[in-house]
Number of protein chains: 2
Amino acid sequence: MERRQEILEIAAKLFAEYGYKATSIREIAERAGMMGGSLYYHIRSKEALFIEIHDRALDAAARRVRTAMAPHTAPWARLEAACTEMLEIQLNPGSLTLPIMNNFRSVPEEVKTILVRKRDQFETIFRDIVDALPLPPGMDRQIYRILLLRLLNTADTWYHEGRMSRTEIAAQILTIFRHEGPAATGARGSKGRTKSTPKEKEEKPPAPARKRRVAA
Amino acid sequence: MERRQEILEIAAKLFAEYGYKATSIREIAERAGMMGGSLYYHIRSKEALFIEIHDRALDAAARRVRTAMAPHTAPWARLEAACTEMLEIQLNPGSLTLPIMNNFRSVPEEVKTILVRKRDQFETIFRDIVDALPLPPGMDRQIYRILLLRLLNTADTWYHEGRMSRTEIAAQILTIFRHEGPAATGARGSKGRTKSTPKEKEEKPPAPARKRRVAA
DNA sequence: CCTACCGATCGGTAGG
DNA sequence: CCTACCGATCGGTAGG
């Protein structure tokens, strides 16, 4: 049973790096120290394996993001905590929380449908955060959320080790995405914020949790 | 010779949709109305085909973006023109300017090296634009450019037909990425800008064209 | 967990 | 441009 966890982690890494189609059952098996056919003692099929990894990764990610957000109540602080944690997950993944929620291009159509449904569900976390932000009225919250999530989810394809830490990158993203509405245009902008410390503890309840599921 | 162009376009579409590995020579051939083996009268190898498509697409994209920027001199107007054109290229590609500059996951390592070099060269266009923007001092221009390009280049994976037009989406991106430096904090923000009309014709020379090629 | 194998599909070639 | 084929690799199975 612990062996199975090993296999899932090995497969997750390969799927994340090469995509569904370009990752072979035999390669997964080899890294697990067994023959290709033997893998089927542990899994039912390649498709089922992929779906299971994806589900578990998203569940783990949801738990981590919610935990990271929990101590904060101010909308921007919640967003920053969520972004920092998402970057951490994407770039320095613990066991199964790997960046496989992208790159569905080579996944069979029927499987893709299942994955997308699960992913949409996960992203409601960010819908709630974004809906709670005091953004300028001209800014479309759906586009805002989609763009932000795209950046976070594909972090492994654009982030290069070196220059900046994950926390600094998260702060930079926040600097770009931070726009105050006309009501509360407080201190912002060129303060050179690179440290992610939980500032401004305002009141504001967690999130209104609205309904909206239309595509862009 | 015109037959060859047809083949390149067919292959480009398939590569863009399924990725390198998941696109088979036989599928390309079938759509071109011939047998798999016959394709080799027109191409040298699958790898060579992919590289040629990629090169031509980037060349065409560079030409289109430069042309779209040409009439503008104001930094933000230039950025908006470039973004709008990039979205147009990614979402409504004319012949060969297809969104294949991503999804290198299943591409052989040696080929990937060639592609990345070419892509980096293309992206210098945006480096010049971004370097000319009057951004707040705390904002890292390299991160800024990388994030913006990621969004534009992966537009086909997050844009869904309907609600908003390409131009409106481009305007929304600009609304998020627009931050004035401390020197020229003029009118901005909640004006509900959804139309992309070339406003503010300032002076400011095209671009300083600095040097910087470090990874994040 | 292995051996041995299945049918299918892959990129590519020869010979016309 | 086709037919016919190559060796390699694929996901998956049977039988142990």
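Of the interface residues of chain A, 98% are also interface residues in chain B, so the copies meet through the same surface. The model described here is predicted.

**The two copies**

Chain A can be laid on chain B by a turn of 180° with a shift of 0.0 Å along the axis, and the RMSD is then 0.0 Å. That relation is the one of a two-fold axis. Where the two chains meet, 42 residues of chain A are in contact with 41 residues of chain B. On the chain A side, α1 (2–18), α7 (141–153) and α9 (166–177) each supply at least two residues. Sorted by class, this side of chain A holds 21 nonpolar residues, 13 polar ones and eight charged ones.

**Chain A as a whole**

Nine helices and zero strands make up the secondary structure of chain A. Along the sequence the pattern reads α-α-α-α-α-α-α-α-α. Chain A has 216 residues, of which 38% count as buried. Among the contacts in chain A with a separation of 6 or more, 73% come from residues 24 or more positions apart.

The mean pLDDT of chain A is 86, with 83% of its residues at 70 or more. In residues 184–216 of chain A the pLDDT is below 50, and this stretch has 59 contacts in the model beyond near neighbours in sequence.

| Helix | Residues in helix | End-to-end C-alpha distance | Expected span at 1.5 Å a residue |
|---|---|---|---|
| α9(A) | twelve residues | 16 Å | 16 Å |

The buried residues of α3(A) are A:K46, A:L49, A:F50, A:I53, A:H54, A:A57, A:L58, A:A61, A:V65 and A:M69. These buried residues pack against α1, α2, α4, α5 (109–122) and α6 (124–131), which belong to chain A.

In α9(A), nine of the twelve residues are buried, so this helix is largely enclosed by the rest of the structure. The buried residues of α9(A) are A:R166, A:I169, A:A170, A:A171, A:Q172, A:I173, A:T175, A:I176 and A:F177. Their packing partners lie in both chains: α4 (75–91) and α7 of chain A, together with α7 and α9 (166–177) of chain B.

**Two residues of chain B**

B:V65 is placed in helix α3 of chain B. This residue has 24 C-beta neighbours inside 10 Å and therefore counts as buried. Apart from neighbours within four places in sequence, B:V65 is in contact with B:A82, B:E85, B:M86 and B:I125. B:G19 lies 46 residues from B:V65 along the chain, and the C-alpha atoms of the two are separated by 25 Å.

B:R145 sits in helix α7 (residues 141–153) of chain B. With 21 C-beta neighbours inside 10 Å, B:R145 also counts as buried, since the cut-off is 20 or more. Leaving out residues up to four places away in sequence, B:R145 touches B:F126, B:R127 and B:V130. B:V130 is 15 residues from B:R145 along the chain, with 6.5 Å between their C-alpha atoms.

**The DNA strands**

Around DNA strand C there are 15 residues, and those that come nearest are A:M34, A:G37, A:S38, A:Y41 and B:G37. Two elements give two or more residues to the surface near DNA strand C, namely α2 (25–31) and α3 (46–69) of chain B. The residues of this surface comprise five nonpolar, six polar and four charged.

DNA strand D also has 15 residues around it, of which A:G37, B:M34, B:G37, B:S38 and B:Y41 come nearest. Here the elements that give two or more residues are α2 (25–31) and α3 (46–69) of chain A. By class, the surface near DNA strand D contains five nonpolar, six polar and four charged residues.

Key: Residues numbered from 1 in each chain as written. Chains lettered and ligands numbered in written order. Predicted model: local features only at pLDDT ≥ 70, side-chain atom pairs only at ≥ 80, totals over all residues. Contact = placed C-beta atoms within 7 Å. Helix = DSSP H or I, 4+ residues; strand = E, 2+ residues; numbered from the N terminus. Nonpolar A, V, L, I, M, F, W, Y, C, P; charged D, E, K, R; others polar. Near = placed C-beta within 6 Å. Least-squares fit on C-alpha atoms with pLDDT ≥ 70 in both. pLDDT = per-residue confidence, 0-100. Expected span 1.5 Å × (residues − 1).
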